[in-house]
Amino acid sequence: MRSGRAMSIRPPLRQHAQRGFTYLAVLAALTMIAIASTSVMTYVATDAKRDRENELLRIGQETVHAIALYYTATPGSVKKLPANLEDLLEDRRQIGITRYMREIYPDPTTGKMDWDLVRDKQGGIRGIRSTNDAAPLRAGVAVLDAWSVMSNVTGGPAVQIAASTLQPALHYSDWVFEYQDVSVQPGQTAK
C-alpha cells in the first residue's frame, strides 16, 4: 500500500452508463404517458360534445312535436301556435290540464335557458334554435323520418310532421327546429 495518498473510490464506468440509461427510460415512459393522456382527454371531450349534440337534437325534436300537438289541439277552426314555451307545459285553452312537454329544457350546448325562438308573423312560436356559435361535429343531420305521424295526446286527430334534415351548419345556431304545418297545401298560406 502506498502511504500518504488518499485512495479514490470511484464506481466503474459501467454503473454511470446504466444510471443515464435508466433516466432516459423514465423520461421516455413519462412522455408516452403524457401523449396517451392527451389522446384520452381529446376522446373524452369529443364524446361529451357528441352527447350534448344528441341531447340538442332530442330536445329540438321534442319541442317541435309539442308545438305540433299544441297547434292541432287549438279549439275551433283557426289554429294558433303557442305564444311562449310555458304554453307547452300547460294548455289552459282546454277543459282540464293538457301538457305537451314535461319541462322546458336548457340548451345542452350552453347549459342555459337561452333559446332563440322562431316566431311566425302573428308572434306564435314555430320552433327553437340554439344561441351557441360553436361548430358542431356533424354537418347535416336527419331529424325526423319521412312522414312522422304522431297521435295527439288529447284524443284529437293525428299530427303529421314533415321530414326534415338540418342543413349543413357552421354553428349550432344554424340548426333550426321548426314546426311546418303539412296540412297546408302547396300554394296556400298558413293562417
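Modeller: With polar contacts. A polar contact is a pair of N or O atoms within 3.5 Å; within protein, one must be able to donate a hydrogen and the other to accept it, and residues adjacent in sequence count only if both atoms are side-chain atoms. Here, the side chain of Asn-132 reaches the backbone oxygen of Thr-109 at 3.1 Å.

Modeller: Some ground rules. This is a predicted model: local features need pLDDT of at least 70, side-chain atom pairs count only at pLDDT 80 or more, and totals for chains, interfaces and linings use all residues. Residues are numbered from 1 along each chain as its sequence is written, and side-chain values use heavy atoms, with hydrogens and water left out.

Colleague: Is Asn-132 buried or exposed?

Modeller: Buried means under 20% relative accessible area, exposed over 50%, partly exposed in between (1.4 Å probe, protein chains only). Asn-132 has 16%, so it counts as buried. Asn-132 sits in the loop between S2 and strand S3 (141-142). Helices (H or I, at least four residues) and strands (E, at least two) are DSSP runs, numbered from the N terminus.

Colleague: Which residues is Asn-132 in contact with?

Modeller: Contact means heavy atoms within 4.5 Å. Setting aside neighbours within four places in sequence, Asn-132 contacts Thr-109, Thr-110, His-171, Tyr-172 and Ser-173.

Colleague: How do I read the sheet?

Modeller: Two strands pair if DSSP finds at least two bridges between them. Three strands make an open, antiparallel sheet in the order S1-S2-S7. Why are S1 and S7 edge strands? Strand S1 (116-119) and strand S7 (176-178) each have a single partner strand, so one side of each lacks a neighbour in the sheet. Four bridges join S1 to S2. In one of them, Arg-119 is partnered by Ile-125 of S2.

Colleague: And the nonpolar core?

Modeller: In soluble globular proteins, nonpolar side chains tend to be buried together. A nonpolar core is a set of buried Ala, Val, Leu, Ile, Met, Phe, Trp, Tyr and Cys residues joined through side-chain atoms within 4.5 Å. The largest one has 26 residues; Leu-85, Leu-88, Trp-175, Phe-177 and Tyr-179 have the most contacts inside it. Helix H1 (13-72) and strand S2 (125-129) each supply at least two core residues. H1 gives the most, with 10. Beyond four places in sequence, Leu-85 touches residues including Trp-115, Leu-117, Ile-125 and Ile-128.

Colleague: What about Tyr-71?

Modeller: Tyr-71 lies in helix H1 and is buried at 8%. Its contacts beyond four places include Tyr-179 and Asp-181. Tyr-71 and Tyr-179 are 108 residues apart along the chain, with C-alpha atoms separated by 9.5 Å.
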